Amino acid sequence: MAGSRKHDNVIKMKKHQNPFAGIVLILFAIYILVLFVQSLQSDNISIYEVTQNKLANDDTVKGIILRDEKLVRAKTSGYINYYVAEGAYVGVNTTVYSTDSSGFFNEELDNVGADSYSLSESDTKIIRSAISEYRAGFKLSDYNEIEHFRYDLENSLLKMTTAGLLKKANKLLKNNNQASLNMVKAGKSGIVSFCVDGLEKTTIDTINEKIFKNNNDNWKQLRQRKKVSKGDVVYKLITNNNWSVVIPITKKQYDKLYKKDNVTVVIQKDNNQMTPEITTFTENSRYYAKLSFTKDMLNYIDDRYLDIKLEFEQVAGLKVPVSSIIKKKFFVVPGEYIVNGGEDGSTGVMLKTYDKNGNESLTFQKTKVYYRDEKKQCYIDASSFTVGDIITANEESDGKTINLSRTAWLNGVYCCNDGYCNFKRVDIKYSNSEYAIVTEDELYGLQIYDHIILNPDLINENEII
């Protein structure tokens with residue numbers, strides 16, 4: 001056919017695959033995987049923003065409570081009923097309890113009380129509130145506290161029913177004229193407690209190391225008994241609102257306290273801060289302090305031991321983590337040996353050297369002054385020089401020279417405000433296991449809101465973050 005042509009001479013080219021391209025891709029994938037695994041295994045640099053805060057220079061110790069306590073014993077045997085609650089103040093003529101040798105009156109009183117007394121609306125609210133609070137804070141680890149809660153609940157009920165029970169007791173006594181019933185008055189004013197632990201006679205003169213070895217409350221609840229024998233302890237009477245806590249202290253704590261007349265403390269149980277008078281003493285080479293209180297005794301009537309936090313002082317300043325603080329070595333030189341030089345007028349020193357022929361030459365070596373103390377001594381980086389290097393003073397000092405020899409270590413942190421690690425000196429005012437309070441220093445040290453490295457062991461000075 002005219003105008004058409006067949007291309008029979010077209011040659012098809014074979015495609016050649018390059019085996020090295022596949023190998024390169026595999027190696028690249030392996031490289032990326034290795035980098036990823038390394039990033040997971042390596043520690044990351046953490047940054048902390050400096051804040052202004054306070055730290056309390058304090059210690060927490062466990063102390064024993066001393067009170068004016070008198071154990072009151074039963075005058076007769078029999079079934080016992082109480083007419084005052086735990087922590088109630090009683091006068092000389094207040095009826096505290098009764099004993100019934102026959103049990104008849106005790107049974108009648110129980111029946112009358114159970115049938116005729118009902119809680120008011122406000123009483124019910126108090127009981128419900130106490131139960132709700134206990135349920136909200138209950139933990140399985142505090143299972144032993146159930147007995148204490150039960151006792152406190154019974155004590156609350158007794159406070160609410162005291163007046164009614166005593167009125168009914170007097171009515172039954174009048175109607176039945178029971179010779180077996182003995183109504184017992186306090187005979188002395190004070191605060192009633194039904195908890196005893198055998199340490200009621202402990203005084204400042206009987207304090208010893210053994211008292212603090214088993215420092216857990218070990219109370220016996222007297223009110224849970226239904227029957228007593230003559231001579232049994234039936235309640236405890238606290239005859240003075242003044243009380244004290246004796247704490248064992250270390251020699252270091254003793255040195256802080258022995259010249260003080262008072263000290264601020266926080267009772268850990270309820271975070272109650274007070275400032276009691278303090279006296280220190282020793283016993284068998286052991287150190288102790290007595291804290292004397294004049295209020296709030298009733299809050300701790302069912303405690304024998306208390307955790308006390310001693311607040312020696314509160315230190316204010318810049319708060320930094322202890323983990324961020326490092327030490328750096330410096331040469332210490334007089335201020336007159338620091339000069340300005342170089343094209344940018346940087347600080348540094350004039351280093352005097354000699355060639356092999358003994359010819360002297362002076363070279364400006366740039367170095368940063370990290371700190372200048374009150375005696376105008378300057379601290380320069382020890383890693384930039386060698387012991388014995390000779391430096392010359394400025395022109396005003398007639399070319400005096402010294403050999404670098406005196407060294408010192410400074411505490412500091414790596415500041416990274418500019419994107420690289422810059423050592424800044426810190427003056428530590430106080431520190432504990434986690435944080436330190438340091439002085440703000442606009443010239444050589446830290447300022448508020450500076451950013452510092454939390455883990456300086458992972459980076460070196462002048463490295464870029």
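## Terms and basis of the model

A residue is called buried when its relative accessible area is under 20%, exposed when it is over 50%, and partly exposed in between, with a 1.4 Å probe and protein chains only. By this criterion threonine 367 is buried, because its relative accessible area is 7%.

The structure is a predicted model, in which local features need pLDDT of at least 70 and side-chain atom pairs count only at pLDDT 80 or more, whereas totals for chains, interfaces and linings use all residues. Residues are numbered from 1 along each chain as its sequence is written, and side-chain values use heavy atoms, with hydrogens and water left out.

## Overall composition

The chain contains 5 helices and 31 strands; these are DSSP runs numbered from the N terminus, helices (H or I) having at least four residues and strands (E) at least two. Of its 465 residues, 38% are buried. The accessible surface is about 28,600 Å², and carbon and sulfur atoms hold 48% of that area, as computed by the Shrake-Rupley method with a 1.4 Å probe, where for residues only the protein chains shown count as cover.

A contact is defined by heavy atoms within 4.5 Å. Among contacts with a separation of 6 or more, 73% are between residues 24 or more positions apart.

## Strand pairing

Strands of a sheet pair through backbone hydrogen bonds, either parallel or antiparallel. Here, two strands pair if DSSP finds at least two bridges between them. An open sheet of 4 strands has the order E3-E12-E8-E5 with antiparallel pairing. Its edge strands, E3 (69–73) and E5 (89–90), each pair on one side only. Between E3 and E12 (residues 233–238) there are 5 bridges in the antiparallel sense, and lysine 70 stands opposite leucine 237 in E12.

Strand E30 (residues 435–438) is joined to E18 (residues 305–321) by 4 bridges in an antiparallel arrangement, with valine 320 partnered by alanine 436. E30 also runs antiparallel to E29 (residues 428–431), through 3 bridges.

## Nonpolar cores

A nonpolar core is a set of buried Ala, Val, Leu, Ile, Met, Phe, Trp, Tyr and Cys residues joined through side-chain atoms within 4.5 Å. The largest comprises 29 residues, and those with the most contacts inside it are Val333, Ile338, Tyr379, Ile380, Ile391 and Tyr414. Two or more residues each come from E19 (326–334), E21 (346–354), E23, E24 (377–381) and E27 (407–415); E19 gives the most, with 5 residues. Apart from this core lies another of 25 residues, among them Ile249, Ile267, Met297 and Leu310.

Beyond its neighbours within four places in sequence, isoleucine 391 is in contact with residues including Val333, Val349, Leu351 and Ile402.

Threonine 367 sits in the loop between E22 (360–366) and E23 (369–372). Leaving aside neighbours within four places in sequence, threonine 367 is in contact with Thr347, Gly348, Val349, Ile380, Asp381 and Phe385.

Asparagine 455 follows strand E31 (451–453) and is buried, since its relative accessible area is 15%. Not counting residues up to four places away in sequence, asparagine 455 touches Asn44, Ile45 and Ser46. A polar atom of the asparagine 455 side chain lies 2.9 Å from the backbone oxygen of asparagine 44. Asparagine 455 and proline 321 are 134 residues apart in sequence, with their C-alpha atoms 9.8 Å apart in space.

Methods: Polar contact = N/O pair within 3.5 Å; in protein donor to acceptor, adjacent residues only side chain to side chain.
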